[in-house]
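Good morning, and thank you for making time for this presentation.

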Amino acid sequence: MSLDLLSEWYEYLPDLARGVWVSLKLVGASLVLGLPLGLLLGVLSASPIWIVSRLSIVLVETGRAVPAVVLLQLAYYGLPSVNLTLSSFVAATAGLAWLTAAYSSEVFRAGVQAVPHGQKEASEALGLTSADTYRFIIIPQAFRIALPSLLGLSIQVFQVTALAFTIALPELLSEAYNIGYTNFRFLSVLTLAGLIYVAIVIPASGIVQAVERRLSRHIPSETG
Amino acid sequence: MEPYLEVLGGLPTTLALSSLSLVIGAIVAVPIMVARGSRFLPLRLATRAFIDVVRAVPPIVWLFIMFFGIAETGVQLTSFAAATFSLGLITSAYLAEVYRGGLLAVDKGQWEAASALGTSRRDIFRFIVGPQAFRVALPAIATFAIALIKDTSLAYTIGVQEVFFHANSQAQVGAASPLLILVTAGAVYVALSLPTAWISRRIDTALRKKVAR
């Protein structure tokens, strides 16, 4: 690696750092909005009221089956058709929150199902109300089971923020593309942008694995 | 009706891009998987790093590197080729791990029993371990294939004229309500993933019947 390349990258860094900051803010906003929504959808999709459960399932399944870029463009270019114009950041947050909610609702549901049934029966036998059983017995255990998957999902959401480029949000990829477009040195700046994604995603995945191992200490591992 | 038909006109390109990159990735994944399990430590570590890096970089960044970046080295790939290589690269890294998981899931006793019967390593792989590993890996391969179909929509950013490219351009020129056009495009991707899931379930049931106890 030549010194020229390094000094070139050094010049790009302030712009790209600004982009990373926008990407991270987008991840934060999408998670803050999407995770509670996901929990809600997970609960509602098991609702005894037919129309409520069907509607939640449709929201979850479309959020998972439709490409993320379509969700973003729907929020940005589609909603103005119904007189709702969002800024690119708000539109990106809306699209990614939908995606987060759809994927996390399945994670929450799996977490609740993974809590042994005896826990629920024992709570009933002790006379706990259904709400208290969920609040104090089931959800805390389900959350522990779901946590690694939720963290993994957050990393994926970070990778998906790159698509906000298509709705003109100045996140990491947009910043890199603009530099390349100005000086026609795409390879160099895109490589740096790629390395920044790597530098965030790989350590984050390592942390998720460590959390997963720590949370499952009490479960004897199968491989021994 | 015309703008909507225009969107459907991208279907052959979407299908070609998905299937080509899936086939290329599925083949390239084999040597990667072998290298990933190599006894030679540097090769094993290098392969692992390769897989991690390929998966850590968002697909759209790979598309841009292949299309805008590679062009600077004097090799100008067509947008379709650049998209196929990018998605094929990503597929190979993911499927290498999926294959490995499938092989690891096959009981070690199967290798031992087969070699005790004097079966050659190649035959063990071909007739005993391979089919069992495939059965384990199939659901994960199908899940990945569906994700891949969705990812082909990103190829519009480098000008591949697939389904979403047409939806986007029809919406931009105001040929129809952007909302309806984009919903149509979304529905096309849903419609493509349904048969993929169905075929995978059919194969899975068929394979399961063979080993039903």
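This is a predicted model: local features need pLDDT of at least 70, side-chain atom pairs count only at pLDDT 80 or more; totals for chains, interfaces and linings use all residues.

How much area is buried between chain A and chain B, and what share of that area do carbon and sulfur atoms give? The buried area comes to about 2700 Å², and carbon and sulfur atoms give 77% of it.

Chain A contributes 31 residues to the contact, and chain B contributes 32 residues. On the side of chain A, the residues that lose the most area to chain B are A:Pro67, A:Leu187 and A:Leu190, which together account for 18% of what that side buries. As for salt bridges, the count between chain A and chain B is 0.

I turn now to the two chains themselves. Chain A has 8 helices and 0 strands, so its elements, read from the N terminus on, run α-α-α-α-α-α-α-α. Its C-alpha atoms fill a box of roughly 70 × 55 × 25 Å along the principal axes. Chain B has 9 helices and 0 strands, and along the sequence its pattern is α-α-α-α-α-α-α-α-α. The C-alpha trace of chain B spans about 70 × 45 × 20 Å along its principal axes.

Next, the packing of helices. Two packed helices are described by the angle between their axes and the distance between the axes. In chain A, helix H3, residues 68–78, and helix H4, residues 88–114, have axes that come within 8 Å and cross at roughly 135°. H3(A) is therefore oblique to H4(A), and the crossing of the two is right-handed. Among the residues that make this contact are A:Leu71, A:Leu72 and A:Tyr76 from H3(A), and A:Gly95, A:Trp98 and A:Leu99 from H4(A). By class, the contact of H3(A) with H4(A) has 11 nonpolar, 2 polar and no charged residues.

H4(A) also packs against H1(A): the axes of these two helices come within 6 Å and cross at roughly 45°. H1(A) is thus oblique to H4(A), and this crossing is right-handed. The residues in the contact of H1(A) with H4(A) divide into 15 nonpolar, 8 polar and 2 charged.

How are helix H8 and helix H9 of chain B arranged, and at what angle do they pack? Helix H8(B), residues 163–172, and helix H9(B), residues 178–210, pack at an angle of about 175°, with their axes 9 Å apart. Because of that angle, H8(B) is roughly antiparallel to H9(B). Residues that meet here include B:Val163, B:Phe164 and B:Ala167 in H8(B), together with B:Ile181, B:Leu182 and B:Tyr189 in H9(B). The contact of H8(B) with H9(B) comprises 10 nonpolar residues, 1 polar residue and no charged residues.

My last topic is charge. Side chains of opposite charge can pair when their charged atoms come close. Over all chains, a search of the whole structure finds 6 salt bridges. One of the salt bridges joins A:Glu8 and A:Arg185, whose closest N and O atoms are 2.8 Å apart. This pair links distant parts of the chain, 177 residues apart. A:Glu8 lies in helix H1 of chain A, residues 3–44, whereas A:Arg185 lies in the loop between helix H7 and helix H8 of chain A.

Thank you for your attention.

Terms used
Residues are numbered from 1 along each chain as its sequence is written. Chains are lettered from A and ligands numbered from 1 in the order in which they are written. Side-chain values use heavy atoms; hydrogens and water are left out. Axes are lines fitted to C-alpha atoms, for helices over the stretch in contact, and angles run from 0 to 180 degrees between N-to-C directions. Helices (H or I, at least four residues) and strands (E, at least two) are DSSP runs, numbered from the N terminus. Angles under 35 degrees count as roughly parallel, over 145 as roughly antiparallel, 65 to 115 as roughly perpendicular and the rest as oblique. A crossing is left-handed if the near helix is turned anticlockwise from the far one by less than a right angle, and right-handed if clockwise. Contact means heavy atoms within 4.5 Å. Ala, Val, Leu, Ile, Met, Phe, Trp, Tyr, Cys and Pro count as nonpolar, Asp, Glu, Lys and Arg as charged, and the others, Gly among them, as polar. Buried area is the accessible area (1.4 Å probe) that two parts lose on being put together, summed over both. A salt bridge is a side-chain nitrogen of Lys or Arg within 4 Å of a carboxyl oxygen of Asp or Glu.
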